Number of protein chains: 2
Amino acid sequence: MQNKPLIFVSNDDGFDAPGLEALVRVAREFGDVKVVAPENPMSGVGHSVTSREPLRIKMIEREDGYERYACSGTPVDCVKLGEQTILKRKPDLMVSGINHGSNAAVNIFYSGTMAAALESAIGGVPSIGFSLMNFRLDADFSICDAYVRTIIQKVMEKGMPRGICLNVNIPSIPQEEIRGIKICRQARSKWVEDYEKRIDPSKNEYYWLRGKFELMDEGRDTDDWALRNNFVSVVPVHFDFTAHHALDALSAWEMDAVKEKQRT
Amino acid sequence: MQNKPLIFVSNDDGFDAPGLEALVRVAREFGDVKVVAPENPMSGVGHSVTSREPLRIKMIEREDGYERYACSGTPVDCVKLGEQTILKRKPDLMVSGINHGSNAAVNIFYSGTMAAALESAIGGVPSIGFSLMNFRLDADFSICDAYVRTIIQKVMEKGMPRGICLNVNIPSIPQEEIRGIKICRQARSKWVEDYEKRIDPSKNEYYWLRGKFELMDEGRDTDDWALRNNFVSVVPVHFDFTAHHALDALSAWEMDAVKEKQRT
């Protein structure tokens, strides 16, 4: 049985989230599955890592070809600690999710689900983050099955192109209305905040985050467009943040020359 | 006085960090300064955002042309809440830091300092993150002054190229040894973890994060190379994570075809 692929699963909604269960169900068709997921919901924690507090990890269940652990840290902690202490060897595939709610467009920045996939990918593991565009606790994740299966299968068959991971978002509509899988770029967008101010019983002000998604992109090749048009979006994501196109423009600023002038 | 530029400052080391004070000192040469920084040190929180707990913000000091606030949230919360409640209008410049320790290479992923700069840049504000490669509490931030001044001056003069912010790292060496400013790309690198396992008084295991930086990049055009060779590194950072070069390769996978075959 040593030839079975080893698949590492994590998420940001926590070790007992239904989206995780849905992802594990499909992942187990492809190999042995080990899950290390946060003890508590960790939505929106981005690439946060825990260094000032110690981490704990505990087994939740273990059966033939499947183990599940809960970790006290963030999704990125789960990847780092899980890969070192639970997995022992580099997994053949890492899948993260299935997240409750969109990680398309600018949402990728805040996403713990995608941070886990990115962290694993930085370490050289083929990684995929999956999200279903539905925040409801009773969301029907079974509509994801066919797409999760297809994409995992393709990645295992073709190998992940070097230096990337995949950000997969699935529209929450009846399966027969999904028009297929679309390879996309990340839509330019932002959240415009509008905090709600309240007064606590001690008469102190506090604020609740409240925001509105703003699309700044007319392209028909974006993940946002694909999802609005009933496609599953797949964005290849890399972890070189350099704006290569801007290197020349900045070099032309000749900042050292300025410095020299200031000195004389 | 309404024509004075408005400069927004944040960081991840907290509202009372010496690096913040050093940055404010230079920023005030360029305009009115408003600081919204975390109440508590928030190193390593990445792009984390607070939505399940309310946020609080309190004034620390106010004088002519300068205000400083502490916010209960993360660096990204400081930017979001600060820009809406304290700044009232879009700032002319946002600067983040000066961070204790490197945010070059893969460190940008975990950095709250750079997350704050990125968050502000996503919102359309010219933004710069500054870091000094020194973790010591008594680090001498004055060696940064000339470089912070030069770079702010150039950005205000030339305008920030669209869709980017700057990740500036400064080596912690005597000023006369710094060879100048170098425009670079982010070095390919990763942290290899080696958690330290301990046993608590109740006989339960816990783990402390411990890692080793691993460079996977021989280039002489990287931030890591520049810093090792006594240059100040400036990386233009963008917020489109799409691996554009991989779009064609993935499209060639024809994942829909696979899906259709499975259906029939």
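Predicted model: local features only at pLDDT ≥ 70, side-chain atom pairs only at ≥ 80, totals over all residues.
## A glycine to start from

Let's begin at A:Gly14, which sits in the loop between β1 and α1 of chain A. Residues are numbered from 1 along each chain as its sequence is written, while chains are lettered from A and ligands numbered from 1 in the order in which they are written.

A residue is buried with 20 or more other C-beta atoms within 10 Å of its own, exposed with 12 or fewer, and partly exposed in between, with C-beta atoms placed from the backbone. Leaving out residues up to four places away in sequence, A:Gly14 touches A:Ala37, A:Pro38, A:Glu39, A:Asn40 and A:Pro41. Contact means that the C-beta atoms of two residues, placed from the backbone, lie within 7 Å. The C-alpha atoms of A:Gly14 and A:Ala70 are 8.0 Å from each other, though 56 residues separate the two along the chain.

## Chain A as a whole

Chain A holds 7 helices and 13 strands. Of its 264 residues, 52% are buried. Its C-alpha trace spans about 70 × 55 × 45 Å along the principal axes. Among contacts in chain A with a separation of 6 or more, 76% join residues 24 or more positions apart.

Now follow the chain to helix α1 (residues 18-27) of chain A, where 7 of the 10 residues are buried. These buried residues pack against β1, β2, β5, β6 and α4 of chain A. One of them is A:Leu23, whose contacts, not counting residues up to four places away in sequence, are A:Val9, A:Val95, A:Gly97, A:Ile98, A:Phe130 and A:Val148.

Which residues have the most contacts inside the largest nonpolar core? They are A:Leu23 and B:Leu23, in a core of 156 residues. Such a core is a set of buried Ala, Val, Leu, Ile, Met, Phe, Trp, Tyr and Cys residues joined through C-beta atoms within 7 Å.

## The sheet of chain B

In chain B, 9 strands form an open sheet with mixed pairing, in the order β3-β4-β2-β1-β5-β6-β7-β13-β8. Its edge strands, β3 and β8, each pair on one side only. Strands count as paired if DSSP finds at least two bridges between them. For example, β7 and β13 of chain B pair in the antiparallel sense over 6 bridges, and B:Asn169 has B:Ser233 in β13(B) as its bridge partner.

## How the two chains meet

Chain A can be laid on chain B by a turn of 180° and a shift of 0.0 Å along the axis, with an RMSD of 0.0 Å. That is the relation of a two-fold axis. The superposition is by least squares on the C-alpha atoms of residues with pLDDT of at least 70 in both copies.

The contact takes 64 residues from chain A and 64 residues from chain B. On the side of chain A, α4(A) gives the most, with 6 residues. Of the interface residues of chain A, 100% are also interface residues in chain B, so the copies meet through the same surface.

Methods. Helix = DSSP H or I, 4+ residues; strand = E, 2+ residues; numbered from the N terminus.
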